[in-house]
Amino acid sequence: MGEETRDIILSNIRRDILVDTLAKGSRFDGRAFDQYRPVKVRKGVLDTAEGSALAEVGQTRVLAAVKFDVVKPFSDRPTEGVFVTNAELLPLASPTFEPGPPDENCIELARVVDRTIRSTECVNVKEFYLEPEKVLGLYVDLYVLNHSGNYTDASTLAATAALMNAKIPKYEDGKLIRGEYSGPLNLRGGLPVTCHMIKVGNYWLVDPSRDEELVAETVLSIGNTDTHVCTLQKGKGSLSKDELLSNIDIAFKRGNDLRYILQKD
Amino acid sequence: MSSSISDVQLIVDGKRLDGRTENELRPIRMEVGVIPEADGSAFIEWGGNKIICGVYGPRECVPKHDASPYHAVVKCRYMMSPFASLDEHSKSGPSRRSVELSKVIREVFENLIKTEAFPNTQIDIFIDVLQAEGGTRTASITVAALALANAGIPMKDMVSSVAVGKGGNVLLVDLGKAEDNFGQSDMPLAISNRDKSIMLLQMDGLLTKEEIVQILEMATGACDVLHEKQSAALLKFYEEGEQDDLNL
């Protein structure tokens, strides 16, 4: 039996069992449909990065690190700093991640987290101007350390927490003085988070586990602040307008829970 | 999104920079059957966008381990040419952006193509942006739907696609390049023709839920207009046959 044949048969069985369970009103792990696994955020877990955080959503763990560098600005925005997000689905984090150049899932993750943060303008890149041809570049690196489902939300949480934790290095004589800081990176406005959800059968599940993700028919991420939607990204599948609008309501509610955790920890 | 929203005035005297109203699409021209060697093909000129799409398949799946005994594998390659913008010659080859767009475009058509009818095969959708002026992913989906229909690949529904968004505090249909770069939000959508399902959904910038409700209606109206244009282009091809030359 080919690998895919086996995967399909297994996932069909898994899907049928999951839909039966959902029809009885609960998930494999007993959660409500709109309930997250336990979420924990720890800020400042690294000494070498200017900001860092480890986010855990259930057993899914993502490390985010913030580094600053002096870079050349983009020619069409000569007085603005540069904000870059990169993600790594480390091969050690899941049997399904492979070494090699970033695949489409990895690139999508980095770009969704990037847009979620960028859209809110919580990082004011206009404060990153240093002198002509020199601005601060802010790099957010996301390392997925264990993937038990929903690395999207864990990544956004880690990225936002690392930014909350970040300090700006001192700048003297055209160079950054590493280990000395001119002050904290001040974030503006509501904190950005994402709320990742999937559809299985007729049910929408928030914060899908790995087992649930494997049988998802539709995949949707909704980035939000306390007042606005700041990213939408549909992966596989399709949905109706009504489904989108009711999912936006759920994303705001769960987003507020996540923001509470970000501020508390 | 841009952090220089205030730098560029997008609405002047109630009109957009190119004179359009909020709900107005840019001029659009579609041609079907523009690549004689392909199984299906189409070209779209949408404002300043010029995009060509060729479809091959169902054909043998390469590499073989990609094949599925249950359905055809859909593959999509969206590429921006290095000469597609007024700026400098850009790097050719896949970028992070084009990898993401290839993925979300493929995910539109995986919903629509009756892949289960062609096990062990692949269907290739090749999209090349020859000239870009904002909204290339949505124009690509609109033209790829034509190329797939032209290839005779069975689909459950047709799809049309448009980017809606907000610029100068006004909700807008079919964002142009400046509106894309300097607007407050951008929401590319693809909507299937018959059941009005959302097939592509992305958004960045800031929108309230109330704005999203309104903008979905605007997008649906625009997709209805696009669908009529798509049908007319297909009808023209099957009435008049292949054009003698490629009219870029």
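Is A:Glu121 buried or exposed, and how many other C-beta atoms lie within 10 Å? I found A:Glu121 buried, with 20 other C-beta atoms within 10 Å. I used this rule: a residue is buried if 20 or more other C-beta atoms, placed from the backbone, lie within 10 Å of its own, exposed if 12 or fewer, and partly exposed in between.

**Ground rules.** The model is predicted, so I noted that local features need pLDDT of at least 70 and side-chain atom pairs count only at pLDDT 80 or more, while totals for chains, interfaces and linings use all residues. Residues are numbered from 1 along each chain as its sequence is written, and chains are lettered from A and ligands numbered from 1 in the order in which they are written.

**Positive phi.** I looked up A:Glu121 again and read a positive phi of about 55 degrees, although the residue is not a glycine. A:Glu121 sits in the loop between helix 2 (104–120) and strand 5 (129–131) of chain A. Helices (H or I, at least four residues) and strands (E, at least two) are DSSP runs, numbered from the N terminus. In chain B I found a positive phi near 60 degrees at B:Asp174, also not a glycine. B:Asp174 belongs to the loop between strand 9 (170–173) and helix 3 (177–182) of chain B, and is buried, with 28 other C-beta atoms within 10 Å.

**Cis bonds.** I noted a cis peptide bond from B:Gly57 to B:Pro58, with omega near 0 degrees. B:Pro58 is part of strand 5 (residues 49–60) of chain B. The bond from B:Val62 to B:Pro63 is cis too, with omega near -10 degrees, and B:Pro63 lies in the loop between strand 5 and strand 6 (73–80) of chain B.

**Chain A overall.** I counted five helices and 12 strands in chain A. Buried residues are 45% of its 265 residues. The C-alpha trace spans about 65 × 40 × 35 Å along its principal axes.

**Sheet in chain B.** I traced an open sheet of five strands in the order 3-4-5-7-6, with mixed pairing. Two strands pair if DSSP finds at least two bridges between them. Strand 3 (28–32) and strand 6 of chain B stand at the edges with a single partner strand each, so one side of each has no neighbour in the sheet. Strand 6 runs parallel to strand 7 (residues 121–131) of chain B, joined by eight bridges. In that pair, B:Val73 stands opposite B:Gln122.

**Where the chains meet.** I found that the contact takes 33 residues from chain A and 30 residues from chain B. Two residues are in contact if their C-beta atoms, placed from the backbone, lie within 7 Å. Which element of chain B gives the most to the side that touches chain A? It is strand 11 of chain B, with 10 residues. That side of chain B divides into 15 nonpolar, eight polar and seven charged residues. Here Ala, Val, Leu, Ile, Met, Phe, Trp, Tyr, Cys and Pro count as nonpolar, Asp, Glu, Lys and Arg as charged, and the others, Gly among them, as polar. Strand 11 of chain B also runs antiparallel to strand 12 (residues 229–234) of chain A, and four bridges join the two. A:Gln233 stands opposite B:Gln202 in strand 11 of chain B.
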